[in-house]
Amino acid sequence: MTHRKMPGAALGAAPAAATTDAIPPEEDLSLQVTRRPRPGRWLAVLAAALFAVWLAYTVIVNPNLHWDIVAKYQFDGVILKGLGVTIQLTLVSMALGIVIGVLVAVMQLSDSPVLRLTAGAYTWFFRGTPLLVQLIFWFNLALLFPVISIGVPFDGPKLISWQSNQVITGFVAALLGLSINEGAYMAEIVRAGIQSVDPGQREAGASIGMSNRQILSRIILPQAMRVIIPPFGNQFISMLKTTSLVSVIAGADLMTVSQHLYLANFEVVALLLVASLWYLVLTTIASIGQHAVERRYSPGAAPPLRRRVLANLVPGRARKEATA
Amino acid sequence: MNDVILRARGVRKRFGATEVLKGIDLDVRSGEVLCVIGPSGSGKSTLLRCFNHLEQIDAGRVWMDGELIGYEQHGPSGHVLRERRPRDIRRQRERIGMVFQRFHLFPHRTAVQNVMEGPVAVKGLSRVQAEKQARELLDHVGLADRADHYPGQLSGGQQQRVAIARALAMEPALMLFDEPTSALDPELVGEVLGVMRDLARSGMTMVVVTHEMGFAREVADRVLFMDQGAVVEAGTPELLFTDPRHERTRAFLSTVL
(Lines give C-alpha, C1' and ligand atoms only; values in the text may rest on other atoms or scores of the structure.)
Protein backbone atom coordinates (compact mmCIF):
# COMPACT_ATOMS: atom_id res chain seq x y z
CA MET A 1 0.00 0.00 0.00
CA THR A 2 2.64 2.47 1.03
CA HIS A 3 4.82 1.45 -1.87
CA ARG A 4 2.44 2.89 -4.37
CA LYS A 5 2.64 6.29 -2.76
CA MET A 6 6.38 6.25 -2.55
CA PRO A 7 7.84 9.46 -3.88
CA GLY A 8 10.46 9.06 -6.53
CA ALA A 9 9.11 5.72 -7.73
CA ALA A 10 8.18 6.55 -11.28
CA LEU A 11 4.83 4.85 -11.81
CA GLY A 12 4.94 5.08 -15.57
CA ALA A 13 8.27 3.37 -15.87
CA ALA A 14 7.29 -0.14 -14.82
CA PRO A 15 4.75 -1.18 -17.50
CA ALA A 16 7.10 -0.01 -20.19
CA ALA A 17 9.69 -2.60 -19.18
CA ALA A 18 9.33 -6.09 -20.58
CA THR A 19 7.60 -8.62 -18.32
CA THR A 20 10.07 -10.74 -16.45
CA ASP A 21 10.09 -13.11 -13.51
CA ALA A 22 13.76 -12.63 -12.94
CA ILE A 23 14.72 -11.53 -9.43
CA PRO A 24 15.89 -7.91 -9.51
CA PRO A 25 18.88 -6.74 -7.48
CA GLU A 26 18.08 -6.76 -3.77
CA GLU A 27 17.92 -2.99 -3.25
CA ASP A 28 15.14 -2.74 -5.85
CA LEU A 29 12.74 -5.16 -4.12
CA SER A 30 10.94 -2.50 -2.10
CA LEU A 31 10.43 -0.15 -5.00
CA GLN A 32 7.04 -0.15 -6.61
CA VAL A 33 3.76 -1.89 -7.18
CA THR A 34 1.65 -0.52 -10.02
CA ARG A 35 -1.91 -1.22 -11.08
CA ARG A 36 -2.51 -3.34 -14.11
CA PRO A 37 -4.15 -1.07 -16.72
CA ARG A 38 -7.88 -1.79 -17.24
CA PRO A 39 -9.09 -0.14 -20.46
CA GLY A 40 -12.53 -1.86 -20.27
CA ARG A 41 -13.35 -0.08 -17.07
CA TRP A 42 -12.57 3.31 -18.58
CA LEU A 43 -14.92 2.60 -21.46
CA ALA A 44 -17.72 1.67 -19.04
CA VAL A 45 -17.18 4.82 -16.97
CA LEU A 46 -17.27 6.96 -20.08
CA ALA A 47 -20.49 5.34 -21.33
CA ALA A 48 -22.21 5.70 -17.97
CA ALA A 49 -21.19 9.35 -17.65
CA LEU A 50 -22.39 10.18 -21.14
CA PHE A 51 -25.73 8.50 -20.52
CA ALA A 52 -26.21 10.36 -17.22
CA VAL A 53 -25.42 13.73 -18.81
CA TRP A 54 -27.77 13.05 -21.73
CA LEU A 55 -30.60 11.99 -19.36
CA ALA A 56 -30.17 15.02 -17.12
CA TYR A 57 -30.04 17.30 -20.14
CA THR A 58 -33.25 15.99 -21.71
CA VAL A 59 -35.12 16.30 -18.44
CA ILE A 60 -33.80 19.73 -17.51
CA VAL A 61 -34.37 21.39 -20.89
CA ASN A 62 -37.69 19.58 -21.46
CA PRO A 63 -40.23 22.38 -22.18
CA ASN A 64 -43.04 20.24 -20.72
CA LEU A 65 -41.41 20.26 -17.31
CA HIS A 66 -42.40 23.57 -15.82
CA TRP A 67 -39.52 24.50 -13.54
CA ASP A 68 -41.18 27.81 -12.73
CA ILE A 69 -44.15 25.88 -11.30
CA VAL A 70 -41.80 23.65 -9.33
CA ALA A 71 -40.07 26.72 -7.90
CA LYS A 72 -43.39 28.35 -7.11
CA TYR A 73 -44.72 25.38 -5.11
CA GLN A 74 -41.55 23.99 -3.53
CA PHE A 75 -41.93 26.25 -0.47
CA ASP A 76 -45.66 26.84 -0.77
CA GLY A 77 -47.53 26.95 2.55
CA VAL A 78 -49.87 24.10 1.60
CA ILE A 79 -46.96 21.89 0.58
CA LEU A 80 -45.03 22.72 3.75
CA LYS A 81 -48.08 21.87 5.84
CA GLY A 82 -48.30 18.50 4.08
CA LEU A 83 -44.59 18.00 4.69
CA GLY A 84 -45.22 18.61 8.38
CA VAL A 85 -47.97 15.98 8.42
CA THR A 86 -45.68 13.50 6.67
CA ILE A 87 -42.96 14.03 9.27
CA GLN A 88 -45.50 13.80 12.08
CA LEU A 89 -47.01 10.59 10.67
CA THR A 90 -43.58 9.02 10.29
CA LEU A 91 -42.34 9.89 13.76
CA VAL A 92 -45.52 8.94 15.62
CA SER A 93 -46.19 5.72 13.74
CA MET A 94 -42.54 4.61 14.08
CA ALA A 95 -42.66 5.34 17.80
CA LEU A 96 -45.90 3.41 18.22
CA GLY A 97 -44.50 0.70 15.96
CA ILE A 98 -41.49 0.27 18.25
CA VAL A 99 -43.68 0.00 21.35
CA ILE A 100 -45.92 -2.58 19.67
CA GLY A 101 -42.88 -4.34 18.20
CA VAL A 102 -41.05 -4.78 21.52
CA LEU A 103 -44.26 -5.96 23.18
CA VAL A 104 -45.07 -8.49 20.45
CA ALA A 105 -41.44 -9.68 20.24
CA VAL A 106 -41.41 -10.38 23.97
CA MET A 107 -44.74 -12.21 23.61
CA GLN A 108 -43.28 -14.30 20.79
CA LEU A 109 -40.36 -15.33 22.97
CA SER A 110 -42.51 -16.08 26.02
CA ASP A 111 -43.01 -19.53 27.52
CA SER A 112 -46.77 -19.27 27.14
CA PRO A 113 -48.07 -20.87 23.94
CA VAL A 114 -51.16 -18.62 24.06
CA LEU A 115 -49.05 -15.46 24.05
CA ARG A 116 -46.83 -16.87 21.32
CA LEU A 117 -49.83 -17.78 19.19
CA THR A 118 -51.48 -14.37 19.70
CA ALA A 119 -48.27 -12.57 18.71
CA GLY A 120 -47.77 -14.91 15.77
CA ALA A 121 -51.31 -14.31 14.52
CA TYR A 122 -50.77 -10.55 14.72
CA THR A 123 -47.61 -10.54 12.63
CA TRP A 124 -49.09 -13.11 10.28
CA PHE A 125 -52.16 -10.98 9.57
CA PHE A 126 -50.63 -7.52 9.39
CA ARG A 127 -47.62 -8.56 7.35
CA GLY A 128 -49.76 -10.78 5.19
CA THR A 129 -52.27 -8.19 3.96
CA PRO A 130 -51.44 -5.08 1.92
CA LEU A 131 -50.96 -1.88 3.87
CA LEU A 132 -53.18 -0.10 1.36
CA VAL A 133 -56.03 -2.47 2.24
CA GLN A 134 -55.41 -1.94 5.96
CA LEU A 135 -55.47 1.85 5.58
CA ILE A 136 -58.76 1.83 3.70
CA PHE A 137 -60.16 -0.59 6.26
CA TRP A 138 -59.25 1.64 9.25
CA PHE A 139 -60.69 4.67 7.44
CA ASN A 140 -63.96 2.79 6.97
CA LEU A 141 -64.03 1.30 10.45
CA ALA A 142 -67.48 2.80 10.96
CA LEU A 143 -68.89 0.28 8.50
CA LEU A 144 -67.92 -2.51 10.89
CA PHE A 145 -68.19 -0.71 14.24
CA PRO A 146 -70.46 2.35 13.96
CA VAL A 147 -69.93 3.12 17.65
CA ILE A 148 -66.70 2.89 19.65
CA SER A 149 -67.18 2.57 23.40
CA ILE A 150 -65.35 1.80 26.61
CA GLY A 151 -67.15 -0.42 29.09
CA VAL A 152 -67.99 -4.04 29.80
CA PRO A 153 -67.40 -6.19 26.73
CA PHE A 154 -70.01 -8.51 25.19
CA ASP A 155 -72.88 -5.97 25.19
CA GLY A 156 -72.39 -4.98 28.84
CA PRO A 157 -72.95 -1.44 30.10
CA LYS A 158 -70.80 1.24 28.47
CA LEU A 159 -69.00 4.08 30.19
CA ILE A 160 -68.23 6.30 27.19
CA SER A 161 -68.95 5.92 23.53
CA TRP A 162 -68.21 7.82 20.34
CA GLN A 163 -69.47 7.81 16.80
CA SER A 164 -66.75 6.08 14.77
CA ASN A 165 -67.11 8.53 11.92
CA GLN A 166 -66.23 11.42 14.22
CA VAL A 167 -63.23 9.73 15.85
CA ILE A 168 -61.70 8.13 12.79
CA THR A 169 -60.45 11.10 10.79
CA GLY A 170 -58.07 10.57 7.90
CA PHE A 171 -55.14 11.34 10.17
CA VAL A 172 -56.26 8.92 12.91
CA ALA A 173 -56.91 6.17 10.39
CA ALA A 174 -53.49 6.80 8.86
CA LEU A 175 -51.81 6.58 12.26
CA LEU A 176 -53.70 3.39 13.16
CA GLY A 177 -52.91 1.74 9.86
CA LEU A 178 -49.25 2.74 9.69
CA SER A 179 -48.31 2.00 13.30
CA ILE A 180 -50.16 -1.32 13.57
CA ASN A 181 -48.61 -2.44 10.31
CA GLU A 182 -45.18 -1.17 11.33
CA GLY A 183 -45.52 -2.96 14.69
CA ALA A 184 -45.69 -6.29 12.90
CA TYR A 185 -42.42 -5.63 11.07
CA MET A 186 -40.73 -4.16 14.13
CA ALA A 187 -41.73 -7.24 16.14
CA GLU A 188 -39.72 -9.43 13.79
CA ILE A 189 -36.75 -7.05 13.87
CA VAL A 190 -36.77 -6.83 17.67
CA ARG A 191 -37.20 -10.59 18.01
CA ALA A 192 -34.17 -11.23 15.81
CA GLY A 193 -32.22 -8.70 17.88
CA ILE A 194 -33.15 -10.30 21.19
CA GLN A 195 -32.31 -13.74 19.88
CA SER A 196 -28.90 -12.54 18.72
CA VAL A 197 -27.84 -11.95 22.32
CA ASP A 198 -25.93 -14.82 23.96
CA PRO A 199 -28.30 -16.72 26.30
CA GLY A 200 -25.46 -16.65 28.84
CA GLN A 201 -26.21 -12.95 29.32
CA ARG A 202 -29.68 -13.76 30.62
CA GLU A 203 -28.23 -16.36 32.99
CA ALA A 204 -25.57 -13.97 34.22
CA GLY A 205 -28.26 -11.42 34.98
CA ALA A 206 -30.43 -14.03 36.68
CA SER A 207 -27.51 -15.28 38.77
CA ILE A 208 -27.11 -11.88 40.43
CA GLY A 209 -30.83 -11.78 41.20
CA MET A 210 -32.12 -9.51 38.40
CA SER A 211 -35.78 -9.75 37.38
CA ASN A 212 -36.78 -10.73 33.86
CA ARG A 213 -37.81 -7.16 33.13
CA GLN A 214 -34.47 -5.79 34.37
CA ILE A 215 -32.58 -8.37 32.34
CA LEU A 216 -34.54 -7.36 29.24
CA SER A 217 -34.18 -3.61 29.63
CA ARG A 218 -30.69 -3.39 31.16
CA ILE A 219 -28.88 -6.34 29.59
CA ILE A 220 -30.62 -7.80 26.54
CA LEU A 221 -32.12 -4.81 24.67
CA PRO A 222 -28.99 -2.61 24.83
CA GLN A 223 -27.03 -5.44 23.22
CA ALA A 224 -29.82 -6.27 20.78
CA MET A 225 -29.64 -2.68 19.50
CA ARG A 226 -26.62 -3.57 17.37
CA VAL A 227 -28.76 -5.97 15.38
CA ILE A 228 -31.94 -3.88 15.56
CA ILE A 229 -30.55 -0.49 14.45
CA PRO A 230 -29.67 -1.18 10.78
CA PRO A 231 -33.05 -2.67 9.76
CA PHE A 232 -34.78 -0.07 11.93
CA GLY A 233 -33.07 2.63 9.88
CA ASN A 234 -34.35 1.01 6.72
CA GLN A 235 -37.86 0.82 8.15
CA PHE A 236 -37.71 4.50 9.08
CA ILE A 237 -36.59 5.59 5.63
CA SER A 238 -39.16 3.32 4.07
CA MET A 239 -41.86 4.77 6.35
CA LEU A 240 -41.09 8.33 5.21
CA LYS A 241 -42.23 7.31 1.74
CA THR A 242 -44.87 4.77 2.74
CA THR A 243 -46.83 7.59 4.38
CA SER A 244 -47.67 8.72 0.83
CA LEU A 245 -50.13 5.81 0.70
CA VAL A 246 -52.41 7.66 3.09
CA SER A 247 -53.31 10.00 0.22
CA VAL A 248 -56.03 7.45 -0.60
CA ILE A 249 -57.76 8.19 2.72
CA ALA A 250 -57.21 11.95 2.68
CA GLY A 251 -54.35 11.81 5.14
CA ALA A 252 -53.40 15.46 4.48
CA ASP A 253 -49.74 14.45 4.06
CA LEU A 254 -47.27 15.75 1.48
CA MET A 255 -48.59 13.43 -1.22
CA THR A 256 -52.24 14.24 -0.49
CA VAL A 257 -51.72 18.00 -0.75
CA SER A 258 -49.61 17.64 -3.90
CA GLN A 259 -52.37 15.56 -5.42
CA HIS A 260 -55.02 18.13 -4.47
CA LEU A 261 -52.93 20.84 -6.08
CA TYR A 262 -52.33 19.05 -9.38
CA LEU A 263 -55.93 17.94 -9.62
CA ALA A 264 -56.78 21.65 -9.61
CA ASN A 265 -54.02 23.05 -11.86
CA PHE A 266 -53.08 19.95 -13.93
CA GLU A 267 -49.34 20.49 -13.22
CA VAL A 268 -48.99 16.78 -12.44
CA VAL A 269 -45.29 16.30 -13.17
CA ALA A 270 -44.22 19.56 -11.58
CA LEU A 271 -46.02 18.82 -8.33
CA LEU A 272 -44.83 15.21 -8.28
CA LEU A 273 -41.34 16.63 -8.59
CA VAL A 274 -41.99 19.07 -5.75
CA ALA A 275 -43.11 16.18 -3.54
CA SER A 276 -40.23 13.95 -4.67
CA LEU A 277 -37.64 16.62 -3.90
CA TRP A 278 -39.00 16.87 -0.35
CA TYR A 279 -39.01 13.07 0.05
CA LEU A 280 -35.38 13.05 -1.11
CA VAL A 281 -34.50 15.73 1.43
CA LEU A 282 -36.16 13.72 4.22
CA THR A 283 -34.58 10.39 3.27
CA THR A 284 -31.16 11.98 2.87
CA ILE A 285 -31.34 13.45 6.36
CA ALA A 286 -32.57 10.10 7.70
CA SER A 287 -29.72 8.23 5.97
CA ILE A 288 -27.14 10.51 7.52
CA GLY A 289 -28.75 9.93 10.91
CA GLN A 290 -28.79 6.19 10.26
CA HIS A 291 -25.06 6.13 9.53
CA ALA A 292 -24.30 8.07 12.69
CA VAL A 293 -26.42 5.80 14.88
CA GLU A 294 -25.08 2.64 13.24
CA ARG A 295 -21.53 3.69 13.86
CA ARG A 296 -22.41 4.28 17.49
CA TYR A 297 -23.80 0.75 17.89
CA SER A 298 -21.56 -1.21 15.53
CA PRO A 299 -19.81 -4.26 17.01
CA GLY A 300 -16.33 -2.83 16.76
CA ALA A 301 -17.43 0.59 17.95
CA ALA A 302 -15.07 2.41 20.23
CA PRO A 303 -16.50 2.68 23.71
CA PRO A 304 -18.24 5.98 24.37
CA LEU A 305 -15.08 7.98 24.77
CA ARG A 306 -17.06 11.19 24.58
CA ARG A 307 -18.40 10.66 28.09
CA ARG A 308 -14.96 10.31 29.58
CA VAL A 309 -13.68 13.31 27.67
CA LEU A 310 -16.66 15.29 28.96
CA ALA A 311 -15.97 14.18 32.49
CA ASN A 312 -12.48 15.57 32.22
CA LEU A 313 -13.63 18.81 30.64
CA VAL A 314 -16.44 19.63 33.04
CA PRO A 315 -14.78 20.67 36.29
CA GLY A 316 -17.78 19.87 38.52
CA ARG A 317 -17.96 16.33 37.28
CA ALA A 318 -14.28 15.66 37.61
CA ARG A 319 -14.35 16.87 41.18
CA LYS A 320 -17.32 14.67 41.99
CA GLU A 321 -15.51 11.62 40.64
CA ALA A 322 -12.38 12.48 42.53
CA THR A 323 -14.21 12.57 45.83
CA ALA A 324 -16.18 9.39 45.10
CA MET B 1 -17.15 -28.82 61.45
CA ASN B 2 -19.46 -25.94 60.67
CA ASP B 3 -23.15 -26.07 59.82
CA VAL B 4 -24.39 -27.40 56.53
CA ILE B 5 -25.21 -24.40 54.32
CA LEU B 6 -26.24 -26.25 51.16
CA ARG B 7 -27.91 -29.65 51.18
CA ALA B 8 -29.02 -31.69 48.17
CA ARG B 9 -30.98 -34.92 48.35
CA GLY B 10 -32.01 -37.18 45.49
CA VAL B 11 -31.61 -34.48 42.82
CA ARG B 12 -32.64 -35.76 39.42
CA LYS B 13 -32.59 -33.96 36.10
CA ARG B 14 -33.30 -35.16 32.61
CA PHE B 15 -32.86 -33.46 29.23
CA GLY B 16 -35.28 -35.23 26.92
CA ALA B 17 -34.54 -38.94 27.10
CA THR B 18 -31.16 -38.69 28.84
CA GLU B 19 -31.01 -38.50 32.60
CA VAL B 20 -28.03 -36.28 33.43
CA LEU B 21 -28.44 -36.34 37.21
CA LYS B 22 -29.46 -39.64 38.77
CA GLY B 23 -30.21 -38.79 42.35
CA ILE B 24 -27.46 -36.63 43.83
CA ASP B 25 -26.92 -36.34 47.61
CA LEU B 26 -24.56 -33.65 48.80
CA ASP B 27 -23.76 -31.48 51.81
CA VAL B 28 -21.70 -28.30 51.72
CA ARG B 29 -20.63 -26.87 55.05
CA SER B 30 -20.17 -23.21 55.78
CA GLY B 31 -16.62 -22.10 54.93
CA GLU B 32 -15.88 -25.26 53.02
CA VAL B 33 -14.34 -25.50 49.55
CA LEU B 34 -15.80 -28.43 47.65
CA CYS B 35 -14.31 -29.30 44.28
CA VAL B 36 -16.38 -31.37 41.89
CA ILE B 37 -14.38 -33.33 39.32
CA GLY B 38 -15.30 -35.85 36.68
CA PRO B 39 -15.29 -36.49 32.94
CA SER B 40 -17.21 -34.14 30.63
CA GLY B 41 -20.87 -35.01 30.43
CA SER B 42 -20.91 -36.38 33.96
CA GLY B 43 -23.47 -33.75 35.05
CA LYS B 44 -21.18 -31.55 37.16
CA SER B 45 -22.21 -28.27 35.59
CA THR B 46 -25.89 -29.18 35.53
CA LEU B 47 -25.74 -29.98 39.24
CA LEU B 48 -24.19 -26.59 39.92
CA ARG B 49 -26.93 -24.87 37.93
CA CYS B 50 -29.59 -26.65 39.97
CA PHE B 51 -28.17 -25.04 43.11
CA ASN B 52 -29.24 -21.53 42.05
CA HIS B 53 -32.27 -22.71 40.09
CA LEU B 54 -30.89 -21.85 36.66
CA GLU B 55 -32.02 -25.41 35.91
CA GLN B 56 -35.35 -26.83 37.06
CA ILE B 57 -35.06 -30.21 38.71
CA ASP B 58 -37.27 -33.23 38.03
CA ALA B 59 -37.04 -34.79 41.49
CA GLY B 60 -35.28 -34.31 44.80
CA ARG B 61 -34.67 -31.29 46.99
CA VAL B 62 -32.01 -28.61 47.37
CA TRP B 63 -31.92 -26.57 50.57
CA MET B 64 -29.87 -23.51 51.35
CA ASP B 65 -29.80 -22.59 55.04
CA GLY B 66 -32.78 -24.90 55.51
CA GLU B 67 -34.86 -23.15 52.83
CA LEU B 68 -35.90 -25.10 49.77
CA ILE B 69 -34.29 -23.62 46.63
CA GLY B 70 -36.58 -22.75 43.75
CA TYR B 71 -39.60 -24.66 44.99
CA GLU B 72 -42.12 -24.80 47.80
CA GLN B 73 -43.70 -27.98 49.07
CA HIS B 74 -47.42 -28.56 48.75
CA GLY B 75 -49.85 -31.36 49.44
CA PRO B 76 -50.57 -33.13 52.72
CA SER B 77 -47.13 -34.71 53.03
CA GLY B 78 -45.17 -32.06 51.15
CA HIS B 79 -44.76 -34.35 48.18
CA VAL B 80 -45.75 -31.82 45.55
CA LEU B 81 -43.10 -29.31 44.57
CA ARG B 82 -44.29 -26.07 43.00
CA GLU B 83 -41.95 -23.44 41.63
CA ARG B 84 -41.62 -20.39 43.85
CA ARG B 85 -42.69 -16.90 42.90
CA PRO B 86 -40.05 -15.15 40.73
CA ARG B 87 -39.48 -12.63 43.52
CA ASP B 88 -38.53 -15.43 45.96
CA ILE B 89 -36.27 -17.12 43.44
CA ARG B 90 -34.46 -13.81 42.92
CA ARG B 91 -34.06 -13.38 46.69
CA GLN B 92 -32.48 -16.83 46.88
CA ARG B 93 -30.16 -16.20 43.94
CA GLU B 94 -28.89 -13.00 45.56
CA ARG B 95 -27.19 -15.14 48.21
CA ILE B 96 -25.56 -17.50 45.68
CA GLY B 97 -22.85 -16.07 43.46
CA MET B 98 -22.04 -17.80 40.21
CA VAL B 99 -18.99 -17.65 37.95
CA PHE B 100 -19.42 -19.06 34.46
CA GLN B 101 -17.03 -20.89 32.21
CA ARG B 102 -17.36 -18.24 29.50
CA PHE B 103 -17.46 -15.26 31.93
CA HIS B 104 -20.69 -13.77 30.54
CA LEU B 105 -19.69 -10.24 31.42
CA PHE B 106 -22.05 -7.57 30.13
CA PRO B 107 -20.15 -6.33 27.05
CA HIS B 108 -21.87 -2.93 26.98
CA ARG B 109 -20.73 -2.10 30.50
CA THR B 110 -17.23 -1.31 31.74
CA ALA B 111 -15.62 -3.57 34.34
CA VAL B 112 -16.72 -1.35 37.20
CA GLN B 113 -20.23 -1.04 35.73
CA ASN B 114 -20.42 -4.83 35.49
CA VAL B 115 -19.62 -5.12 39.18
CA MET B 116 -22.06 -2.31 40.08
CA GLU B 117 -24.95 -3.77 38.09
CA GLY B 118 -26.24 -6.16 40.76
CA PRO B 119 -25.95 -3.83 43.76
CA VAL B 120 -27.63 -0.96 41.83
CA ALA B 121 -30.34 -2.90 39.99
CA VAL B 122 -31.13 -5.55 42.59
CA LYS B 123 -30.12 -4.20 45.98
CA GLY B 124 -31.03 -0.60 45.17
CA LEU B 125 -27.67 0.77 46.28
CA SER B 126 -26.86 4.34 45.21
CA ARG B 127 -24.50 4.56 42.27
CA VAL B 128 -21.89 6.35 44.36
CA GLN B 129 -21.91 3.64 47.03
CA ALA B 130 -21.99 0.84 44.48
CA GLU B 131 -19.09 2.32 42.53
CA LYS B 132 -17.00 2.68 45.67
CA GLN B 133 -17.64 -0.94 46.58
CA ALA B 134 -17.05 -2.11 43.00
CA ARG B 135 -13.68 -0.36 42.78
CA GLU B 136 -12.62 -1.94 46.05
CA LEU B 137 -13.62 -5.38 44.77
CA LEU B 138 -11.75 -4.84 41.51
CA ASP B 139 -8.74 -3.82 43.58
CA HIS B 140 -9.04 -7.10 45.49
CA VAL B 141 -8.90 -9.11 42.28
CA GLY B 142 -5.96 -7.01 41.08
CA LEU B 143 -7.78 -4.99 38.43
CA ALA B 144 -7.99 -1.50 39.92
CA ASP B 145 -6.27 -0.11 36.83
CA ARG B 146 -8.68 -1.87 34.46
CA ALA B 147 -11.89 -0.69 36.12
CA ASP B 148 -12.94 1.58 33.26
CA HIS B 149 -12.18 -0.86 30.47
CA TYR B 150 -14.84 -2.70 28.54
CA PRO B 151 -14.79 -6.52 28.63
CA GLY B 152 -13.67 -6.56 24.99
CA GLN B 153 -10.52 -4.71 26.03
CA LEU B 154 -9.61 -7.25 28.72
CA SER B 155 -7.86 -10.62 28.51
CA GLY B 156 -9.80 -13.77 29.38
CA GLY B 157 -8.15 -13.99 32.78
CA GLN B 158 -8.98 -10.36 33.52
CA GLN B 159 -12.58 -10.88 32.39
CA GLN B 160 -12.99 -13.86 34.66
CA ARG B 161 -11.62 -11.90 37.61
CA VAL B 162 -14.15 -9.14 36.88
CA ALA B 163 -16.84 -11.83 36.80
CA ILE B 164 -15.74 -13.03 40.23
CA ALA B 165 -15.89 -9.46 41.53
CA ARG B 166 -19.36 -9.07 40.00
CA ALA B 167 -20.60 -12.14 41.87
CA LEU B 168 -18.94 -11.02 45.12
CA ALA B 169 -20.59 -7.60 44.88
CA MET B 170 -23.88 -9.21 45.91
CA GLU B 171 -22.18 -10.37 49.13
CA PRO B 172 -23.20 -14.00 48.61
CA ALA B 173 -23.01 -16.68 51.29
CA LEU B 174 -22.05 -19.30 48.71
CA MET B 175 -20.04 -19.08 45.50
CA LEU B 176 -20.48 -21.48 42.60
CA PHE B 177 -17.70 -21.80 40.00
CA ASP B 178 -18.56 -23.57 36.76
CA GLU B 179 -15.22 -24.58 35.20
CA PRO B 180 -13.90 -21.03 35.67
CA THR B 181 -10.58 -21.62 33.91
CA SER B 182 -11.63 -23.97 31.09
CA ALA B 183 -12.06 -21.19 28.52
CA LEU B 184 -8.73 -19.55 29.33
CA ASP B 185 -5.37 -19.65 27.60
CA PRO B 186 -3.00 -21.72 29.75
CA GLU B 187 -0.89 -18.76 30.81
CA LEU B 188 -3.96 -16.97 32.18
CA VAL B 189 -5.24 -19.80 34.36
CA GLY B 190 -2.92 -18.98 37.25
CA GLU B 191 -4.21 -15.46 37.91
CA VAL B 192 -7.82 -16.68 38.19
CA LEU B 193 -6.91 -19.60 40.44
CA GLY B 194 -4.91 -17.17 42.57
CA VAL B 195 -7.98 -15.01 43.15
CA MET B 196 -10.02 -18.12 43.99
CA ARG B 197 -7.35 -19.31 46.40
CA ASP B 198 -7.45 -15.95 48.23
CA LEU B 199 -11.22 -16.15 48.34
CA ALA B 200 -11.08 -19.64 49.86
CA ARG B 201 -8.59 -18.45 52.49
CA SER B 202 -10.94 -15.60 53.42
CA GLY B 203 -13.49 -18.21 54.46
CA MET B 204 -15.89 -18.10 51.52
CA THR B 205 -18.00 -21.22 50.99
CA MET B 206 -17.27 -22.45 47.48
CA VAL B 207 -18.40 -25.21 45.17
CA VAL B 208 -15.96 -25.44 42.26
CA VAL B 209 -16.50 -27.59 39.20
CA THR B 210 -13.02 -27.86 37.76
CA HIS B 211 -10.50 -29.77 35.72
CA GLU B 212 -7.61 -28.18 37.61
CA MET B 213 -6.49 -31.13 39.72
CA GLY B 214 -3.61 -29.16 41.22
CA PHE B 215 -6.02 -26.52 42.49
CA ALA B 216 -8.42 -29.14 43.85
CA ARG B 217 -5.63 -30.93 45.66
CA GLU B 218 -4.24 -27.74 47.17
CA VAL B 219 -7.34 -25.70 48.03
CA ALA B 220 -10.27 -28.10 48.41
CA ASP B 221 -11.43 -29.32 51.77
CA ARG B 222 -13.26 -32.09 50.01
CA VAL B 223 -13.25 -33.43 46.47
CA LEU B 224 -16.24 -35.11 44.91
CA PHE B 225 -15.95 -37.35 41.87
CA MET B 226 -18.96 -37.60 39.56
CA ASP B 227 -19.50 -39.93 36.65
CA GLN B 228 -22.57 -40.52 34.47
CA GLY B 229 -24.85 -38.37 36.59
CA ALA B 230 -23.98 -39.90 39.93
CA VAL B 231 -21.56 -39.23 42.78
CA VAL B 232 -19.01 -42.04 42.70
CA GLU B 233 -17.04 -41.02 45.76
CA ALA B 234 -16.07 -38.04 47.87
CA GLY B 235 -13.37 -37.38 50.40
CA THR B 236 -10.41 -35.24 51.36
CA PRO B 237 -8.08 -34.47 48.45
CA GLU B 238 -5.30 -36.58 49.96
CA LEU B 239 -7.57 -39.59 50.18
CA LEU B 240 -9.26 -39.20 46.82
CA PHE B 241 -6.15 -38.41 44.81
CA THR B 242 -3.77 -40.89 46.46
CA ASP B 243 -6.06 -43.73 47.39
CA PRO B 244 -9.31 -43.72 45.36
CA ARG B 245 -11.59 -46.59 46.30
CA HIS B 246 -13.48 -46.93 43.03
CA GLU B 247 -12.14 -48.25 39.77
CA ARG B 248 -13.88 -45.46 37.83
CA THR B 249 -12.19 -42.78 39.94
CA ARG B 250 -8.85 -44.45 39.43
CA ALA B 251 -9.41 -44.66 35.67
CA PHE B 252 -10.38 -40.96 35.49
CA LEU B 253 -7.47 -39.78 37.62
CA SER B 254 -5.01 -41.76 35.57
CA THR B 255 -6.11 -39.83 32.47
CA VAL B 256 -5.87 -36.34 34.01
CA LEU B 257 -2.98 -36.55 36.49
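Reader: Leaving aside its neighbours within four places in sequence, which residues is A8(B) in contact with?
Author: Apart from neighbours within four places in sequence, A8(B) is in contact with I24(B), D25(B), L26(B), F51(B), R61(B) and V62(B). Contact means heavy atoms within 4.5 Å. This is a predicted model, in which local features need pLDDT of at least 70 and side-chain atom pairs count only at pLDDT 80 or more, while totals for chains, interfaces and linings use all residues. Residues are numbered from 1 along each chain as its sequence is written, chains are lettered from A and ligands numbered from 1 in the order in which they are written, and side-chain values use heavy atoms, with hydrogens and water left out.

Reader: Is A8(B) buried or exposed?
Author: A8(B) counts as buried because its relative accessibility is 0%. Buried means under 20% relative accessible area, exposed over 50%, and partly exposed in between, with a 1.4 Å probe and protein chains only.

Reader: And where is the place of A8(B)?
Author: A8(B) is in strand β1 of chain B, residues 4-15. Strands (E, at least two residues) and helices (H or I, at least four) are DSSP runs, numbered from the N terminus. The C-alpha atoms of A8(B) and I69(B) are separated by 9.8 Å, although the two are 61 residues apart along the chain.

Reader: Turning to helices in chain B, at what angle do the axes of α3 and α4 cross?
Author: The axes of α3 (residues 111-121) and α4 (residues 127-140) of chain B cross at roughly 125° and come within 8 Å. α3(B) is therefore oblique to α4(B). The crossing of α3(B) and α4(B) is right-handed.

Reader: Which classes do the residues of that contact of α3(B) with α4(B) divide into?
Author: There are 10 nonpolar, 1 polar and 3 charged residues in the contact of α3(B) with α4(B). Ala, Val, Leu, Ile, Met, Phe, Trp, Tyr, Cys and Pro count as nonpolar, Asp, Glu, Lys and Arg as charged, and the others, Gly among them, as polar.

Reader: What about the backbone: what is phi of D65(B)?
Author: Phi of D65(B) is near 50°, a positive value in a residue other than glycine. Most residues other than glycine have a negative phi. D65(B) is found in the loop between β4 (59-64) and β5 (67-68) of chain B. With 43% relative accessibility, D65(B) counts as partly exposed.

Reader: Which phi does F266(A) have?
Author: F266(A), which is not a glycine, has a positive phi of about 65°. The loop that holds F266(A) runs between α12 (254-265) and α13 (268-297) of chain A. F266(A) counts as exposed, because its relative accessibility is 68%.

Reader: Staying with chain A, how many helices and strands are there?
Author: Chain A has 15 helices and 2 strands. Of its 324 residues, 32% count as buried. In chain A, residues 24 or more positions apart account for 68% of the contacts with a separation of 6 or more.

Reader: One more residue: which helix does N181(A) lie in?
Author: N181(A) lies in helix α9 of chain A, residues 170-195. N181(A) counts as buried, because its relative accessibility is 9%. Leaving aside neighbours within four places in sequence, N181(A) is in contact with F126(A), L131(A) and Q134(A).

Note on methods
Axes are lines fitted to C-alpha atoms, for helices over the stretch in contact, and angles run from 0 to 180 degrees between N-to-C directions. Angles under 35 degrees count as roughly parallel, over 145 as roughly antiparallel, 65 to 115 as roughly perpendicular and the rest as oblique. A crossing is left-handed if the near helix is turned anticlockwise from the far one by less than a right angle, and right-handed if clockwise.
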